[in-house]
Amino acid sequence: MADRSAERTAGPNGDDYSLWTVDHFIPGPAVAVPLYPSPTRECISLDGMWQVRIDPDDRGIAERWFEREDAAFDHHVNVPGTWNAQGLGGAGLPHDEGVRNPEWSLRSATFKGSYVGLAWYRKRVSIPAGWRDRRIRLICGGVLSSVRVWVNGQFAGGRWTDGNSFYVDITRHVRPGEVNTCVMAIDNRWKQTATLSHLNWYVVAGGPFHHIVLTALPQLHIEQAVVRPLLPSGSRSGIAEVHLSVSHNADSQTVAHLEIASLQATNRRFRAAAQISLRAGQTGHVVVPVTIDPVELWSPEEPNLYTLTVEMSGGGLTDRTVDRFGLRTVASAGNRFALNGRPVFLLGQHLNFFWPQTLTPPITKDEYIKHLKLMKEYGFNYLRTPWLMPEECYQAADELGMMLQLEFPYAFDEYTKIKAPLIERLIAECLAAYGNHPSLVVLCMSNEGSWDGRGDLNPRFCAFSKSIDPTRVVIDTDGMPEGGDATYTDIVSVHNMSAVWSDYMTQVARQTNLAHLRPCIDHEFLNVPTLCNPDDDTGYHGAIVAPPAECAARREHIRDQGMEAEYSRYVKASYHHQANFIKEGMERSRKNPAKAGYSMCAWNDIGPSIRWGLLDQRMNPKGITAEEMRRYNTQSVLLFDFVRSGSDEIELVPDYCRICEQPFTVQPCVSYFNHHPVTNATLTWWVETHSGATLAQGGVEHINLALSTVTLLPRIVIGPLARSKPQGVTLRMRLSGPEVPLENAWPLWLFPRVRREDVKRTVFASQNVIAALRRVSNAVMPPGDREEGDTDTDSLWVTDEGGLVLDWLRAGRTVLFLATGGTSSTASSPNVNPFDPGWFQGDGHMGSIIRPNPILGDFPHDGHASWQFRNLIEKGANVPEGPIAATCVISSVFGDNHPRVQHQLFMVNTLTGGHLTYCLLKVTSGRCEADYLLQQFVQQIRRVDADPVMTDEELRRHL
């Protein structure tokens, strides 16, 4: 960042008020601290109403609002709470030039208060006379984004907070026994943070969103008490190494006597004592080991916690602090992440909650407990936090057993533009503030901070973190490019996304060159969006008073597309679509022995704008229930692959459509991360109809599983499964034995082999489609071979050439138009929106609905295009833009910013008397589902009625 020293404004004592440069960001001492450091210390809450004055022109410093009692503060804002939630600035859109990408963030929403800039807060408070000999601190639980503090007109300190807690020592500025005036200048402009912070990624909020407290410390007091676990491998005992910082502010030297007690749930007490000699004004440090025998380790399954009590006395002064801690070890062990010496698979989510009420994270432990409990029900054990979360989040994670990744909120190499000492100070503060939380297992230096190849500070920050606290593992940056190398990081986080599903599957399946060096996890994994529901606008009565304008635009688009009656079906279909890809993606990652975990990008939808979440914005499940997800999102998962017919190779992209008369081979496997190896387990499998009938079954005995590996089980041959018509079935597997059971299920579609002799009618076909039709019909010939006895009403004319369609229709013939990639028809142009998961606002396939129609015959479906439809839709074609008056059978919504309905199959009777059926599904591929559907067209097309709706001219525009 450019030096702005010329813009600094000096106070009467030479203090710098501007906070523009890193060198002068912290005029006074401030470190991240818990809000209430001790229950024995006197505190005064500054919560409640504050006087506020906005300063859009930055006049406050020059006009000395911090010391003028007559300065008009004409607003009142409640603390805690952002000013946006309380109407400061009035409704509207943020307008600061530093706001990044407002067109696709929640900044497109309507705020109750839209002010972005500098705002001055003022409050008067009585300080007890008994505080005259105390150290007095102003503790802020969280402020956005930079703050400067004056007390009684004197500058006390300030900082850029990025939302974390901090304190300012105001002892020399207060007047105990009198009413004191506290003034804070708070700035939420993006340029003030000098970095692209995740705090400003979705919204620009301002003000103190957490509690503000004044606290009085004795002259001899405990600054910090941080526990570092020392746990010898294989030992029942452990050491809680307590790192103490003690300050002495009295006028004489003293000896501080320290007593430490650790209390566990069984009421055993473990004690230790120490003493330290301190001069006046000195802060001393001492390490006190506390032996704990037997030790109860903290883990997600057993989140054991201890209580740490530190009491200190000396020179007639006393102090006492109480905190909780847990004992556990974390390490990078080869290509595995190990907790307490045991490999653990990291099942990660992203704490990207949507807070339309406040715009900021919750400040109550109960709120975090509610969310984290639900995450654990879905199987997750690991949480990435892009905010510097409040203390209450860590408390909840400790109690519930959720591992946390603290990710410092810098993104896309922007953090390299500011001074490295600023980040190092923040790292040190966070480790001091949150060091006792066993849930904090991973420190990440930034988000996607080496995409341009720089990342030059990553090694420095990783080494700095490890030098302060070696009991946690580090990630240099979340989402490094695929194939990069960073040997200084404990965990490699790879941005393993791809717009094309088959390419993506290839990436997930292969072992990267990083994987054998470090644990490798997938970053922002499976961002599969769902369709926006314009009626999903609840919860907008706080800081955001109306949903983003996208909702109104979506309603208009739905009306223009004629989707009003069925749009809710498209939304539900998109939920199924998301569920398909998430299950398949998670299972594919688990089959890769190089992977140590993954981290999904969104737990719940971030309003209507970003809908990657498993839950909607009201925290309701979409297409996956917790019970379903726990089958494949847990420490051990039962999996399988199809074996390619006639080969020993595994199908990379699985084919869930099978010919029922033809046996198929599957390769079961287990990704196993339980506590103990498995011996003599039994695998049972069965194929089950939707009504519960069993078509086939079998089992494999004497199965052994090693820890933290992917174990291949004996292959299974299934079938033949004689069925007279297509049918949807479920392949189920269960592994029973010690440390298990495991169970999983996969849907299959069974199709009978096509028999050409069942087709009696004559089919006249253009050259491009003859080969495909001859697989399903025994009477296919070119149009020139038409025999005299064939009538137009008995024959079917099939083509992919638009120029022939009008001629044949004018002759009153029944015509089937197929999409084969021919060049003469606009409608048969290649599909630019394949059946892909999409990303962000969803440029890929979003959802398809299927209406009952005789032409589908017994084709198995549940009213939406599930995974088995993938090849039919992905290889199909797009209908040209414009309204289509037709009887639609299969319709899909592609894209999301400007969604459009693509009709894959529809019927039209033209005014000329002919009958036309468009089929833009890929039915000429020779796959079993394609052959069955193509034969249905040949057999059933005459039985489908549609009203005459399209003139020659209208049809010509589509052809």
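Here is a short chat about the salt bridges and cysteines in this predicted model.

Q: How many salt bridges does a search of the whole structure find?
A: The search turns up 42 salt bridges.

Q: Okay, pick one. Which residue does Arg-342 form a salt bridge with?
A: Arg-342 pairs with Glu-301, and their closest N and O atoms are 3.8 Å apart.

Q: Where do those two lie?
A: Arg-342 is in strand 23, while Glu-301 is in the loop between strand 18 and strand 19, so the pair ties together parts that are 41 residues apart in sequence.

Q: And is Arg-342 buried or exposed?
A: Buried, with a relative accessible area of 14%. Glu-301 is partly exposed, at 44%.

Q: What about Asp-931, which side chain does that one meet in a salt bridge?
A: That would be Arg-775, at 3.4 Å from N to O. Asp-931 sits in helix 13 and Arg-775 in the loop between helix 10 and strand 43, so this pair ties together parts that are 156 residues apart in sequence. Asp-931 is buried at 10%, whereas Arg-775 is partly exposed at 33%.

Q: Which residues are linked in a network of salt bridges?
A: Arg-384, Glu-407, Asp-478 and Glu-524 are linked that way.

Q: Switching topic: how many disulfides are there?
A: The count is 0.

Q: And why does Cys-919 count as buried?
A: Because its relative accessibility is 0%, and buried means under 20%. Cys-430 counts as buried too, at 1%.

Methods
Residues numbered from 1 in each chain as written. Predicted model: local features only at pLDDT ≥ 70, side-chain atom pairs only at ≥ 80, totals over all residues. Heavy atoms only, no water. Disulfide = S-S within 2.5 Å. Buried < 20%, exposed > 50% of the residue type's maximum accessible area, 1.4 Å probe, protein only. Salt bridge = Lys/Arg side-chain N within 4 Å of Asp/Glu carboxyl O. Helix = DSSP H or I, 4+ residues; strand = E, 2+ residues; numbered from the N terminus.
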